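Reader: Hello! Could you show me how to read a few features of a protein model, step by step?
Author: Gladly; let us look together.

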Amino acid sequence: MKMCDLPKDMAEEVLCRIPVTSLRPIRSTCKRWNKLSRCGVFAKKHLAHQAEESKEGRLVVMMMDYRVFLMRFNLSNKSCVVEREARLIGPDGSDQLDVCGIFHCDGLLLCIPKGHSRLVVWNPYWGQTRWIEHTHNCHLVDKYRCSYTYALGYDRNSKSHKVLRFIDYLSHFVEFKIYDFSSDSWRIILDLFPRTWMIRYGERGLSLKGNTYWFASDTDRQSTNGFLVCFDFTRETFGPPLSLPRVASFQDTVSLSSVREDQLVVLFQTADILTFEIWISTKIGDDPNAVSWNNKFFLSANIKQLIHPQWQFPASASFFIGEEKKVAVVFDKDTDIRNPTREVAYIIGVDGSLKEAADVRECADRYCDAFLCSYVPSLVQLN
């Protein structure tokens with residue numbers, strides 16, 4: 001009996017054991033398996049099985065040297081094992097698409113190609129992409145040497161996904177636009193003013209329950225106060241400033257991650273003494289602006305002693321935490337500050353020790369920081 005001739009229930013058992021990132025070549029094996037793997041009932045069963053398998057490793061999206069990969073980090077062994085599982089394929093079937101930014105929400109990836117001429121949203125589970133055309137105020141972007149910041153979210157009522165694109169260059173050029181998947185069109189948001197804060201270029205937002213959080217700071221040049229702001233994709237507006245568990249300014253490293261899709265995680269590293277801390281919020285419910293923090297930090301460490309006397313992670317350092325393993329995994333270049341050649345995962349324990357500096361891969365561009373975010377497969381259809 002050929003594999004393609006297996007009974008349906010047996011074929012489902014076989015396909016359920018196929019990694020999420022290997023479905024695309026499997027679908028091309030035979031028409032029957034292609035049809036079965038695209039069935040909603042099977043997809044839910046497959047994702048449930050994969051959720052159990054994922055306990056052995058963290059599936060993440062990484063952007064390195066302008067390419068987008070799905071990677072698995074296995075922290076269950078004595079040393080960290082890094083495996084590459086998939087790569088973003090462009091509309092022409094090649095993998096030569098240069099990407100300068102990514103954003104994850106609800107199992108979808110918003111990828112910003114170099115040049116920003118078009119955006120692409122990718123669902124790695126279905127192997128689907130959706131290209132989005134958009135216009136630029138090129139003369140203003142060039143004049144002020146600024147660039148756009150992006151986020152992906154969804155309306156909690158209609159479940160329609162949306163893209164937020166903005167430049168927050170107060171007194172010179174401010175523009176906030178929304179792209180709605182349901183209407184396939186862009187529109188300007190006008191009711192965001194006045195504000196007394198700004199999101200600086202380079203800050204990476206974090207999607208949680210369809211909304212996006214950013215680190216922001218006062219527009220008053222005399223103030224160094226930092227806080228979080230949340231963009232609500234249902235109401236299409238920002239909420240009030242949200243307090244952080246400790247004082248932070250825009251000179252510090254402040255970065256966001258999440259656990260279990262309902263808690264924020266914030267990484268702090270002060271610019272002066274390089275103190276490193278990670279804090280976890282309590283669970284966030286229906287109100288995205290109701291954010292509170294646990295009474296004690298998850299992790300604290302002295303980076304001067306662990307890595308390098310002058311080591312400071314990038315402003316929006318990529319990281320995730322492993323609660324069961326009691327570690328944080330932070331991504332940066334190797335310790336050759338003048339000429340780094342490797343992407344490294346620094347694994348720091350809750351006891352403040354450096355467990356491992358795991359080699360991820362060679363970096364071709366010393367100025368292009370690797371970016372990582374956790375990935376959870378999604379059944380959302382793009383086409």
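Author: What follows is a short tour of a sheet, its cysteines and a lysine. Please keep in mind that this model is predicted.

Reader: Let us begin with sheets. How do strands hold on to each other, in general?
Author: Strands of a sheet pair through backbone hydrogen bonds, and the pairing is either parallel or antiparallel. Here you can find an open sheet of four strands, in the order β4-β5-β6-β7, with antiparallel pairing. At its edges lie β4 and β7 (128–133), each of which pairs on one side only. Direction ignored, neighbouring strands of this sheet are turned by 20° against each other on average.

Reader: How many bridges join β4 to β5?
Author: Six, and the two strands run antiparallel; β5 covers residues 108–113. You can follow individual partners across the pair. C105 has L108 in β5 as its bridge partner, and I102 stands opposite C111 in β5.

Reader: What lies between the strands in the hairpin of β4 and β5?
Author: Two residues separate the strands, and in this hairpin D106 takes a positive phi near 60°.

Reader: Is strand β4 largely enclosed or open, and why?
Author: To read this, count the buried residues, meaning those under 20% relative accessible area. In β4 (residues 99–105), six of the seven residues are buried, so the strand is largely enclosed by the rest of the structure.

Reader: Now the cysteines. What is a disulfide?
Author: A disulfide is a covalent bond between the sulfur atoms of two cysteines. This structure holds zero disulfides. Take C111, which is in no disulfide: the nearest cysteine sulfur belongs to C373 and is 9.2 Å away.

Reader: Where is K162, and is K162 buried or exposed?
Author: K162 sits in strand β9, which spans residues 161–169. With 4% relative accessibility, K162 counts as buried.

Reader: Which side chain does K162 contact?
Author: Look for E236: a polar contact of 2.7 Å joins its side chain to that of K162.

Methods: Residues are numbered from 1 along each chain as its sequence is written. This is a predicted model: local features need pLDDT of at least 70, side-chain atom pairs count only at pLDDT 80 or more; totals for chains, interfaces and linings use all residues. Side-chain values use heavy atoms; hydrogens and water are left out. Buried means under 20% relative accessible area, exposed over 50%, partly exposed in between (1.4 Å probe, protein chains only). Two strands pair if DSSP finds at least two bridges between them. A disulfide is a pair of cysteine sulfur atoms within 2.5 Å. A polar contact is a pair of N or O atoms within 3.5 Å; within protein, one must be able to donate a hydrogen and the other to accept it, and residues adjacent in sequence count only if both atoms are side-chain atoms. Axes are lines fitted to C-alpha atoms, for helices over the stretch in contact, and angles run from 0 to 180 degrees between N-to-C directions.
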